[in-house]
Amino acid sequence: MIAGDIYQPEAAGLPAAILNALRVALAEQPQLKEPGKYVLQGEALFMNVMTFSTQHADEKKAEQHREYIDIQVLLEGTERIFYGNFESARECEEFHAEEDYQLCNHIDKQQVLTLHPGQFAVFMPLEPHKPGCVVTHAEPIKKVVVKLHRSALEA
């Protein structure tokens, strides 16, 4: 997991491909878009704009991906994201290859990150994360999740 601020994303030490993906997505002004999927560079790079209310962590499952890097950018509200290191997900359900996700009930040696508007967190494939969790009380949030195919790091 890598965290940073959208106003100085280079300070997070992101690989060039992830930094570029973040810049491309932010140039599309996701804060002005309605919820939905927006294709940026075919299936190699797209973004999902979403709005929802935060929930208590014990009401949610963690997720992990195999093919895509998640760049989660908070646009409005505050959220906690529980996460773990590579391959730390436990008690996992079946993998959904078509949508590239797997839900899990437990994260070994779980850690927590609080995001405020303008902050982002990057989760690499097989790094479990449970976004959209309550900080102090349930509240509406708006965020964009930029999905970059892992092959971008191999180029």
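This is a predicted model: local features need pLDDT of at least 70, side-chain atom pairs count only at pLDDT 80 or more; totals for chains, interfaces and linings use all residues.
Strands, like helices, are here DSSP runs numbered from the N terminus, a strand having at least two residues.

**First stop: H149**

Select H149, which lies in strand 12, covering residues 140-149. Display the side chains around H149. A polar contact of 3.1 Å connects the side chain of H149 with the side chain of E67. The side chain of H149 also makes a polar contact with the side chain of S151, at 2.9 Å. Leaving aside residues up to four places away in sequence, H149 touches E43, A44, E67 and Y68. Two of these names, E67 and E43, return at the next stops.

**Second stop: E67 and R150**

What joins R150 and E67? The two residues form a salt bridge, and their closest N and O atoms are 3.3 Å apart. This pair links distant parts of the chain: R150 belongs to the segment after strand 12, E67 sits in the loop between strand 4 and strand 5 (68-76), and 83 residues separate them. R150 is partly exposed, with a relative accessible area of 33%, and E67 is also partly exposed, at 29% relative accessibility. As background, side chains of opposite charge can pair when their charged atoms come close.

How many salt bridges does the structure hold? The total is 8. One of them is found by selecting E43 together with K37, where the closest N and O atoms lie 3.5 Å apart. E43 counts as partly exposed at 47% relative accessibility, and K37 is partly exposed with a relative accessible area of 45%.

For another, select R23 and E10, whose side chains meet in a salt bridge of 3.0 Å, N to O. R23 is in helix 1 (residues 16-27), while E10 is in the loop between strand 1 (2-5) and helix 1; the two are 13 residues apart, and the pair links distant parts of the chain. Is R23 buried, partly exposed or exposed? At 43% relative accessibility, R23 counts as partly exposed. E10 is likewise partly exposed, with a relative accessible area of 44%.

Select C92 and C104 next. The structure holds 1 disulfide, and C92 and C104 form it, with their sulfur atoms 2.2 Å apart. C92 counts as partly exposed at 34% relative accessibility, whereas C104 counts as buried at 1%.

Then select C133. C133 itself counts as buried, at 0% relative accessibility.

Finally, display strand 8 with its neighbours. Strand 7 and strand 8 run antiparallel and are joined by 3 bridges. Here A89 stands opposite I107 of strand 8. Strand 4 (residues 62-64) also pairs with strand 8 in the antiparallel sense, over 3 bridges. Select E63 to locate this pairing: the bridge partner of E63 in strand 8 is L103.

Terms used: Residues are numbered from 1 along each chain as its sequence is written. Side-chain values use heavy atoms; hydrogens and water are left out. Helices (H or I, at least four residues) and strands (E, at least two) are DSSP runs, numbered from the N terminus. A polar contact is a pair of N or O atoms within 3.5 Å; within protein, one must be able to donate a hydrogen and the other to accept it, and residues adjacent in sequence count only if both atoms are side-chain atoms. Contact means heavy atoms within 4.5 Å. A disulfide is a pair of cysteine sulfur atoms within 2.5 Å. Buried means under 20% relative accessible area, exposed over 50%, partly exposed in between (1.4 Å probe, protein chains only). Two strands pair if DSSP finds at least two bridges between them. A salt bridge is a side-chain nitrogen of Lys or Arg within 4 Å of a carboxyl oxygen of Asp or Glu.
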